[in-house]
Amino acid sequence: YNVNDTKIVDMRRCIMTNDVETTSIINGGLRVETGDRVWKEGLPLILDIYAKYNIRATFFFIAKYAKRCPEIVTMVHKAGHEVALHGLTHDHKLSFDTMLYELQLEHLVEGKKILEDIAGEEVVSFRSPALRVNSDTPRALVEAGFRYDSSVAPQRLDMFMSLGSKNKMQWLKAPRTPYETAIDNLARRGNSGIIEVPVSSFGAPYIGTAMRVAPRLTKLTRSLVYCETKDTNKVVNFLIHPIELITEPQLNEKIERRSKNPISYLLSDVIRHQLKLKNLGEPAVKLFEKEIEYWLENKYDFVTIKDINGKEK
């Protein structure tokens, strides 16, 4: 490579971000049994994949789950990956977009301490469960001692099929490069001290669910993200859950109704649930490895959230 090419290659960065939780894709809801499967099957599997390709990643943990199963944090930390917070709980009744500042701060401080006590190092990165935040979240993150967030997906258009879609409308005008956020809006630039590292999207989200549900569309999304990031300061941020790489027994239980609004229930619970069942387990592993191989072949460095300096334009 010539000097200019080398600079471009060095600029290419990809982050594999992993949400570690007890949410059951097949049966819905938060389940202890699902958490045990993630701990004993899903997490070791995804760590083996990262070791196979010699790459580092960021893992966002639900703190109450980590407190019950501290091994999920220690195995990630020992493998050299970043330990980050995914909230104290993934209970949709305690989503960040519904909590006042004081309760958000309480959850962040408690969750941060739980993970730091297990990992033995400072936790500085956060991702809200279901990417749900409100105007109080940036201030709470600052007060709790966080420096990074990854709860925004710029120009992602499937937000209407998820809970909290009203607040997620902010994504339509969110910057696509890592940026310092406003003190009252994670989807806008400002001087809060919090660096937002957006989840990649190009209309369609670049995440594990889309990878499984619509592999061809994800291939197109990936190509567009590549064109956008290959010679700029924009960062590839792929989101996946270790539970996607394994399967669970079908319990044939009723789908949990998380919204009283019938349209929201139909879109975010019924239809979304059915779509998310596609290509779980071994098919997901094969698809996921193809994503990793694509970025390696294109000379991208695999970094963590806290490796991003946030001062790029």
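Colleague: Which residues does V73 touch, not counting residues up to four places away in sequence?

Modeller: In this predicted model, V73 is found in helix α4 (residues 71-78); helices (H or I, at least four residues) and strands (E, at least two) are DSSP runs, numbered from the N terminus. V73 is buried, with a relative accessible area of 0%, where buried means under 20%, exposed over 50% and partly exposed in between (1.4 Å probe, protein chains only). A contact is defined by heavy atoms within 4.5 Å. With residues up to four places away in sequence left out, the residues that V73 touches are F61, A66, V83, L115, I118 and A119.

Colleague: What is the mean pLDDT of the protein chain?

Modeller: Residues are numbered from 1 along each chain as its sequence is written, and side-chain values use heavy atoms, with hydrogens and water left out. As the model is predicted, local features need pLDDT of at least 70 and side-chain atom pairs count only at pLDDT 80 or more, whereas totals for chains, interfaces and linings use all residues. pLDDT is the predictor's confidence in each residue, from 0 to 100. In the protein chain, 85% of residues reach 70 or more, and the mean is 89.

Colleague: What percentage of the residues of the protein chain count as buried?

Modeller: The protein chain holds 11 helices and 12 strands. Among its contacts between residues at least 6 apart in sequence, 74% join residues at least 24 apart. Of its 313 residues, the percentage that count as buried is 55%.

Colleague: Is β1 mostly covered or mostly uncovered?

Modeller: In a regular strand the side chains alternate between the two faces of the sheet. From β1, R13, I15, T17 and D19 point one way, while C14, M16, N18 and V20 point the other way, and all are buried. With 8 of its 8 residues buried, β1 (residues 13-20) is mostly covered.

Colleague: Which residue of β11 is the bridge partner of T17?

Modeller: Two strands pair if DSSP finds at least two bridges between them. β1 runs parallel to β2 (residues 58-61), with 4 bridges joining them, and the partner of T17 in β2 is T58. β1 also pairs in the parallel sense with β11 (residues 236-240), over 5 bridges. In β11, the bridge partner of T17 is L239.

Colleague: Which residue of β12 is the bridge partner of R13?

Modeller: β1 and β12 run parallel and are joined by 2 bridges. The partner of R13 in β12 is D301.

Colleague: Which residue of β7 does T181 stand opposite?

Modeller: β6 (residues 179-182) and β7 (residues 185-189) pair in the antiparallel sense over 2 bridges. They form a hairpin with 2 residues between them. In β7, T181 stands opposite R189.

Colleague: How many residues apart in sequence are the parts that the pair of Y226 and Y300 ties together?

Modeller: The structure holds 13 aromatic pairs; rings of Phe, Tyr and Trp (its six-membered ring) pair if their centres lie within 6.5 Å, with planes under 30 degrees apart counted as stacked, over 60 as edge-to-face and the rest as tilted. Y226 and Y300 form a tilted pair, 6.2 Å centre to centre and with 50 degrees between the planes. Y226 is in helix α9 (residues 215-229) and Y300 in the loop between α11 (282-297) and β12 (301-302), so the number of residues by which the tied parts are separated in sequence is 74.

Colleague: Over the face of which residue does R222 lie?

Modeller: A charge sits over a ring if NZ of Lys or CZ of Arg is within 6 Å of the ring centre and within 35 degrees of the ring normal. K112 lies over the face of F146, at 5.7 Å from the ring centre. R222, at 4.1 Å from the ring centre, lies over the face of Y294.

Colleague: Where is N279 found?

Modeller: Phi of N279 is near 60 degrees, a positive value in a residue other than glycine. At 25% relative accessibility, N279 counts as partly exposed. Its place is in the loop between α10 (262-275) and α11.
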